[in-house]
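Subject: Handover of a structure

Dear colleague,

Please find the structure below, followed by an account of what was found in it.

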Amino acid sequence: MLSPDSFASLAFSPQPIRPQATPPQALVPQAVAPQRMTDDLNRLLEVLPAEVQQALATPQARDQLLEVVLDLGRVPEARYPARVMALGENPVTRADLEAVIDQLGSFGGDNRAGIERTLHRISAIRNRLGAVVGLTCRVGRAVFGTVAMVRDLLDSNQSLLLMGRPGVGKTTALREIARVLADDLGKRVVVIDTSNEIAGDGDIPHPAIGRARRMQVARPELQHQVMIEAVENHMPEVIVIDEIGTELEALAARTIAERGVMLVATAHGNELANLIKNPTLADLVGGIQSVTLGDEEARRRRTQKTVLERAADPTFPLAVEMHTRHRWLVHRDVARTVDWLLRGQTARPEIREVGPDGLLTRQAATSPTPSSPTLASPQPRDRPEHPPVSHGRVRPPSLLPLEDDAGDGADHEVDDEAGPESCAGPGLVASPGQSLRVYGSGISRSQLEQVARFRQLPVELAGSVELADVVLAVRQQLGRDPHVRRQAQELGIPILVIKSAALPQVQRGLERLLANRQGSSLGEPEAAGESQAHGGQATGLDDALAALEECRLAVEQVVLPQGHPVELLPRTGRVRQMQAELASRYRLRTAVFGRGPAQYLRVFPA
C-alpha cells in the first residue's frame with residue numbers, strides 16, 4: 001500500500017490562461033497591389049459561330065464573362081457570375097459544333113480541349129454514340145495579384161490546400177501561386193496539368209505560370225502516377241496539382257508530402273467539414289477513424305463509447321476556403337481544426353477579404369464554440385462564461401498562472417517535499433463560491449468524485465482539457481499522452497503532475513490546487529500550524545484514505561483478476577461504509593465480519 005505521506009510534484013504551464021470566446025478582432029488593413037488580368041478573349045471568340053461573335057462584340061457583353069454554352073438545337077447562352085444572356089435567336093446546329101471542334105486541339109479522356117497557348121477550356125457533352133451534342137467554352141484568365149491574400153502562407157514552406165465551389169477562382173489562384181513560387185521565391189516548381197487548364201493547351205506552357213515547369217497527363221486516371229514520377233525524376237521543391245479527386249491521388253499526395261516536397265493543390269468542397277465527410281478525400285486532412293473507448297474514459301469524456309478521431313497528421317497543414325473571389329477563410333492549423341470539428345465545435349478560421357478600396361482586411365480567429373454534433377459524438381457541457389476583460393491579458397478571474405521562475409516557456413516541476421519556497425508565486429486567485437474545473441489525465445472519474453465528495457472540495461470535473469481550469473495528471477500517463485500537455489500549453493492551462501493515481505496523491509493534489517487558487521499554499525507556516533492544531537482530524541483522514549486505497553488495490557489486483565474474496569483490515573464503521581461504497585462501484589458484494597473494534601469488510605467477486 002502506498003504511504004499517504006508521499007507527495008506530488010507541481011508543474012504549471014507558464015503561458016497565460018486562455019481567453020474565453022471573444023468576437024473576432026480585425027487586424028490592421030494592408031494595401032494590396034491592384035490585380036491585372038489577361039484573358040485572350042479574342043482567341044476564344046474567333047472559334048465560335050459568327051452570330052455568337054457578333055452578340056459578344058461589345059465591351060459590356062465581355063465584362064465578367066464566365067463561359068459560352070453551345071447545345072445542339074438550343075439558342076447559345078453567355079453565362080456571368082449572376083446572370084445568363086441569350087446570344088441571338090437561332091439554335092445551334094451540328095455544322096456549328098463541327099466548325100468549332102475543327103479549330104480546337106484534340107479532346108482528351110476527360111472530354112476537354114483547348115486553344116494552343118491560351119487558358120481557355122472547351123468541354124464536350126456527348127451522346128451514347130460518342131458524338132458531340134454540346135460544348136461549354138469556359139473563359140480562362142490569368143489574374144496577377146490574387147496571391148496577395150495568402151502571400152504570407154507561401155513563406156512557411158507548408159503544403160497548402162485550396163477549397164471552393166466550381167467557378168470561384170481556384171485554378172486562377174493556383175496558377176498565380178505557381179508563378180510566385182517559381183519567379184519571386186526561386187523554387188523548383190512542377191505543375192501537374194491533367195487537363196491543360198493551368199498552363200494552357202499545347203506543348204509550350206502559358207506565361208502565367210512563370211518559370212514553373214509543366215508535366216502533362218495522358219489520361220486523367222494516370223494523374224497519381226505522374227505526381228510520383230515528378231518527384232522521382234525532376235527533383236521539385238513544390239508540386240502544384242489541380243483538382244485532387246480520387247483516393248489514389250490523395251494517397252499519392254500523402255506520399256509526396258512525406259518525402260518533404262511542398263504541395264499546393266485544389267479540391268472541390270465549400271469548407272473543411274466537406275472534406276472530413278468525404279471518404280475519398282478525407283485523408284487530405286488526416287482522415288477519420290472510429291475509436292472505442294473504455295468505460296472510464298467514456299465517462300470522463302461524457303460521450304458514448306464509440307467516437308470519431310483524426311487518424312493521422314493532415315497531408316496539408318494549411319487550408320484556404322474560397323467563398324468568393326475576394327473573401328477567403330484561412331485555417332493555419334488544419335489538424336487542430338479537424339479535432340475541433342470532430343468534437344462538435346465550430347472551426348475558427350482567419351477571415352481575409354479584399355474590399356472595393358483595394359485594402360486587405362484580416363479578422364483574427366475566434367475561440368471555438370460548440371456547434372451541432374453532425375460530425376462528433378455528444379459534446380461535453382459548455383463552460384460558464386466569465387466577465388470580459390477590456391485590457392491587458394485576458395484570463396478568467398478564477399485563475400492566474402503560477403510564476404515561472406525559469407522563464408523559458410517549458411513546464412517545470414516543483415518537488416512538494418522541498419518546502420514552501422519551492423511553490424512560491426501569487427497562486428490561483430478565485431472568485432468566492434466558484435468551483436474549480438479539473439480535468440484528470442490517468443485518473444479515473446470515480447476517484448476524483450470520491451475524494452471531492454469525502455473532503456467536500458469545491459471541485460467540478462471537466463470532460464475535456466479545453467473545458468478545464470487546471471489539469472491533474474499522473475506523471476507516467478502524461479508522458480504517454482503528450483497531446484494533453486501540448487493542448488494545455490497551447491490553451492495556457494496549468495498542469496499539476498502527481499506521482500500516482502493513489503487516493504492520497506489525488507487528495508493532496510486537489511488540496512494543493514485549491515490552496516493556490518485561494519492565494520495560499522499548503523506548505524506555508526500558517527497551513528502547517530493549522531494542520532498541527534487539528535492533528536487528530538488529519539490522522540483520521542489519512543486512515544480513511546489509506547483504507548480506500550487498500551480496498552481499491554484488493555479489488556483491482558485480487559478480486560477482479562483472480563476471482564477470490566479478500567478480507568480487509570479492521571476499520572471503524574464509517575470507514576467500512578466508505579469501503580463498501582467503493583466496492584459497489586465495481587459492482588461487487590461486501591459483508592461485515594467480526595465483533596467490536598475488530599470488525600472488518602470482506603469483498604466478494606461478482
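Alanine 583 touches Cys551, Leu588, Thr590 and Val603, where residues up to four places away in sequence are not counted and contact means heavy atoms within 4.5 Å. Alanine 583 belongs to helix H18, residues 573–585. Its relative accessible area is 0%, so alanine 583 is buried; the term buried stands for under 20% relative accessible area, exposed for over 50%, and partly exposed for what lies in between, with a 1.4 Å probe and protein chains only. From alanine 583 to phenylalanine 604 the separation is 21 residues in sequence and 9.2 Å in space, C-alpha to C-alpha.

On the source: this is a predicted model, in which local features need pLDDT of at least 70 and side-chain atom pairs count only at pLDDT 80 or more, while totals for chains, interfaces and linings use all residues. Residues are numbered from 1 along each chain as its sequence is written, and side-chain values use heavy atoms, with hydrogens and water left out.

The whole protein

The protein has 18 helices and 29 strands; these are DSSP runs numbered from the N terminus, helices being H or I with at least four residues and strands being E with at least two. Of its 606 residues, 47% count as buried. Among contacts between residues at least 6 apart in sequence, 65% join residues at least 24 apart.

Strand pairing

Two strands are said to pair if DSSP finds at least two bridges between them. Valine 603, one of the residues that alanine 583 touches, is the bridge partner in S29 of valine 566. S27 and strand S29 (residues 600–604) pair in the antiparallel sense over two bridges. They are part of an open sheet of three strands, with the order S27-S29-S28 and antiparallel pairing. Its edge strands, S27 (566–567) and S28 (589–593), each pair on one side only.

Strand S9 (residues 132–138) has two antiparallel partners to note. Five bridges join S9 to strand S4 (residues 67–71), and six bridges join S9 to strand S8 (residues 121–126). Glycine 134 of S9 stands opposite aspartate 71 and is also the bridge partner of isoleucine 125. S8 and S9 form a hairpin with five residues between the strands, in which glycine 130 takes a positive phi near 95°.

Strand S20 (residues 350–354) is mostly covered, with four of its five residues buried. S20 pairs in the antiparallel sense with strand S19 (residues 327–331) over four bridges, and arginine 327 stands opposite glutamate 353 in S20. Four bridges also join S20 to strand S21 (residues 359–363), again antiparallel, with valine 354 opposite leucine 360 in S21. The hairpin of S20 and S21 has four residues between the strands, and glycine 358 in the turn has a positive phi of about 80°.

Helix H7

Helix H7 (residues 223–234) has 12 residues and reaches 16 Å from its first C-alpha to its last, close to the 16 Å expected at 1.5 Å a residue; the expected span is 1.5 Å times one less than the number of residues. The buried residues of H7 are Gln223, His224, Val226, Met227, Ile228, Ala230 and Val231. Their cover includes strands S12 (189–193), S13 (213–216) and S14 (238–241), as well as helix H8 (247–258). Methionine 235 follows H7 and has a positive phi, near 50°.

Cavities

A search of the whole structure finds four cavities of 30 Å³ or more. A cavity is a set of points, on a 1 Å grid over the protein atoms alone, where a 1.4 Å probe fits but cannot get out, and its lining residues have an atom within 4 Å of a point. Grid points are joined across faces, edges and corners, and a volume is the space filled by probe spheres set on the points.

The second largest cavity has a volume of about 40 Å³. It is lined by Arg300, Val438, Tyr439, Gly440, Ile443, Arg445, Leu448, Leu461 and Ala462. Strand S23 (436–441) and helix H12 (445–455) are the elements that give two or more residues to this lining, and S23 gives the most, with three residues. By class, the lining has six nonpolar, one polar and two charged residues; Ala, Val, Leu, Ile, Met, Phe, Trp, Tyr, Cys and Pro count as nonpolar, Asp, Glu, Lys and Arg as charged, and the others, Gly among them, as polar.

With kind regards

Notes. 1 Å grid on protein atoms, 1.4 Å probe; cavity = no way out; pocket = protein on both sides within 12 Å on 5 of 7 lines; lining within 4 Å.
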